[in-house]
Amino acid sequence: MNQAELNKEELCRFICQELPSYRLQQMLESIEAAFQKSESHLKETYRHVPLAGPGPQSHHFTVQEALLSLPKDENFEVSNQVTKPAGGHYALVCAGSMQITTSVITMGRTPPIRDARFRRLLGLINKRLEKQHPDLFKASASPLGPSQEALHALLLPHTTKWTDSSDHSSPIGVAIAVPYSDPRAGFHLFIDVGQLWQYYSEAGDEVEDIAYPTLRDRMRRAENRDQSEGGNE
């Protein structure tokens, strides 16, 4: 197993350490319910307007609303953040030394991307993310990836291409991603969220204690190495 694969393994275990399995389950169930609520609202409200217009925005903001309704405790809280420049809002999940934001990704006929080696396709994902969350791609935003104090991950529910006849009542998949500090450069981790459950199962009640500063430094070294080599994926 090479260093990149080891880093991915450790990232998965760190996510399990900071985000308890029941919290992840709550988030996924909230997203599922939000999709159903948004789909119902869209079909009741828009009879003539093509859903490709209001549909993506409705799903995106209904998901943010659902996440903001989750109960908090001392290690888990969801706050409403204002975009910079102002004009939008998004939910920021804080779980231990992790921050999570969510964007709904519209796919065409391509299934959700699971392998970070497909740089070209991940670049397309980033373009979609930048349109939905432009503030996260600007210097004034909370840093993505391995920032100084917390790991910033993305939870990405996928929906099919928007047409009036398509079913958008449930995600076709949900990915979890950890982008580089510069999100245009790539990802440390990009997997189907279902793959995380094996790490929760392996850990059981004994979750390995992974110090975030150590993990952060390894990811930064990986980014520097990738830049010096001109990209190795």
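This is a predicted model: local features need pLDDT of at least 70, side-chain atom pairs count only at pLDDT 80 or more; totals for chains, interfaces and linings use all residues.

Glu-77 has a relative accessible area of 39% and is partly exposed.

This pair belongs to a set of six salt bridges in the structure. In general, side chains of opposite charge can pair when their charged atoms come close. Two further pairs, both involving helix α1, are described next.

## A pair within helix α1

Helix α1 spans residues 3-18 and contains both Glu-9 and Arg-13. Their side chains form a salt bridge at 3.1 Å, N to O. Four residues separate the two positions, which corresponds to about one turn of the helix.

Both partners fall into the intermediate accessibility class: Glu-9 is partly exposed at 23% relative accessibility, and Arg-13 is partly exposed with a relative accessible area of 27%.

## A pair between helices α1 and α6

Which residue does the side chain of Glu-10 meet in a salt bridge? The partner is Arg-218, at a distance of 2.3 Å from N to O. The pair joins distant parts of the chain, since Glu-10 lies in helix α1 and Arg-218 in helix α6 (residues 212-229), 208 residues apart.

Is Glu-10 buried or exposed? Glu-10 is buried, because its relative accessible area of 17% is under the 20% limit. Arg-218, by contrast, is partly exposed, with a relative accessible area of 30%.

## Secondary structure

The protein comprises six helices and eight strands. Read from the N terminus, the order of elements is α-α-α-β-β-β-β-α-β-β-β-β-α-α.

## Burial, contacts and surface

Of the 233 residues in the protein, 47% are buried. Among contacts with a separation of 6 or more, 68% are between residues 24 or more positions apart.

The accessible surface of the protein amounts to about 11800 Å². Carbon and sulfur atoms account for 49% of that surface.

Note on methods. Residues are numbered from 1 along each chain as its sequence is written. Side-chain values use heavy atoms; hydrogens and water are left out. Buried means under 20% relative accessible area, exposed over 50%, partly exposed in between (1.4 Å probe, protein chains only). Contact means heavy atoms within 4.5 Å. Accessible areas come from the Shrake-Rupley method with a 1.4 Å probe; for residues, only the protein chains shown count as cover. A salt bridge is a side-chain nitrogen of Lys or Arg within 4 Å of a carboxyl oxygen of Asp or Glu.
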